[in-house]
Amino acid sequence: MLKEITSLILKHTLVSRRHLTPELALRLITPDCPLWRAGEGDVPFKDPFWAFYWPGGQATARYILDNGESVKNLRILDIGCGCGAGSIAAAKMNAKQVLANDIDKYAVTATNINAELNKVNLETNTDNLIGDDCEHFDTILIGDMFYDEEFANVLFKWLDRISANGKTVLIGDPGRHGLTEKRRSRMTLLAQYKLPSDSAMENNGFTHSTVWKLN
Ligand SMILES: C[S@@+](CC[C@H](N)C(=O)[O-])C[C@H]1O[C@@H](n2cnc3c(N)ncnc32)[C@H](O)[C@@H]1O
């Protein structure tokens, strides 16, 4: 099964550096891939979120690469890792341990392929860790996960709890409706980035993306 998933990912993606972190090579479905224009019935993946590098994840990874001290010697958990860029950035900047987590097995397979491409070591898993105490981690990364209101409610409540228990929570987000004004008022803005034009075009007109720390 793993072999099958790996070869499907390799067949349908291309290595891209056309994003906010060009120092990371990532296998993605890009406009140069036949799948980009394929009809729904011709796509061999269900909801391939992992095949795109979301603006929130781009901001988190950019922030980590520019601020290595935010992860150095720390234990990092990347929830909803998608293509794995946040985890790869943390591993590159000398995190002590990196766990890339996503409930989609295609995402963790893509993350392992991308980790190898960028010559970093990390661990992956597919458990649903939302609600977990995260005792074994110092910092939780959230890249672009506030796209759904109901899910955002559950996610924020949990992040709030683990932050109150001393975990650092870093959230990358381009302005999704789930990261409400009220929630943003509970966070510190760490960075704002202008998205490269390709990324902006591929992301419904989002032109910027931000990184927040939950207070
Ligand atoms: C919008 S994508 C963002 C991916 C990546 N962080 C980025 O910014 O490029 C959201 C990801 O969250 C994953 N996801 C959804 N619910 C999850 C859960 N309960 N636990 C872990 N991952 C989850 C999805 O499979 C998907 O890969």
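Predicted model: local features only at pLDDT ≥ 70, side-chain atom pairs only at ≥ 80, totals over all residues.
1. Seven strands form an open sheet with mixed pairing, and their order is β5-β4-β3-β6-β7-β9-β8. The edge positions belong to β5 (123-125) and β8 (187-194); each has a single partner strand, so one side of each is left without a neighbour in the sheet. On average, neighbouring strands are turned by 20° against each other, direction ignored.

2. The β6-β7 pair. Strand β6 covers residues 139-143 and strand β7 residues 168-173; the two pair in the parallel sense, over five bridges. Within this pair, I142 stands opposite I171 in β7.

3. Helices on the sheet. Helix α2 (residues 55-66) lies across β6, β7, β8 and β9 (208-214), and runs at about 65° to β9. Helix α3 (residues 85-92) also packs on the sheet, where it touches β3 (75-79), β4 (97-101) and β6. The direction of α3 makes about 175° with that of β4.

4. The ligand shell. Which residues come nearest to the ligand? Of the 19 residues around the ligand, these are W54, G57, G80, D102 and G143. By class, the shell divides into 10 nonpolar, six polar and three charged residues.

5. On the backbone side, an N or O atom of W54 lies 3.1 Å from an oxygen atom of the ligand, and a polar backbone atom of G80 is 2.7 Å from a ligand nitrogen atom. From a side chain, a polar atom of N128 lies 3.2 Å from a nitrogen atom of the ligand. The ligand taken alone exposes 590 Å², and the protein buries 94% of that.

Conventions:
Residues numbered from 1 in each chain as written. Heavy atoms only, no water. Pairing = 2+ DSSP bridges. Helix = DSSP H or I, 4+ residues; strand = E, 2+ residues; numbered from the N terminus. Axes fitted to C-alpha atoms, helices over the stretch in contact; angles between N-to-C directions. Contact = heavy atoms within 4.5 Å. Near = heavy atom within 4 Å. Polar contact = N/O pair within 3.5 Å; in protein donor to acceptor, adjacent residues only side chain to side chain. Areas by Shrake-Rupley, 256 points an atom, 1.4 Å probe, with all protein chains shown as cover. Nonpolar A, V, L, I, M, F, W, Y, C, P; charged D, E, K, R; others polar.
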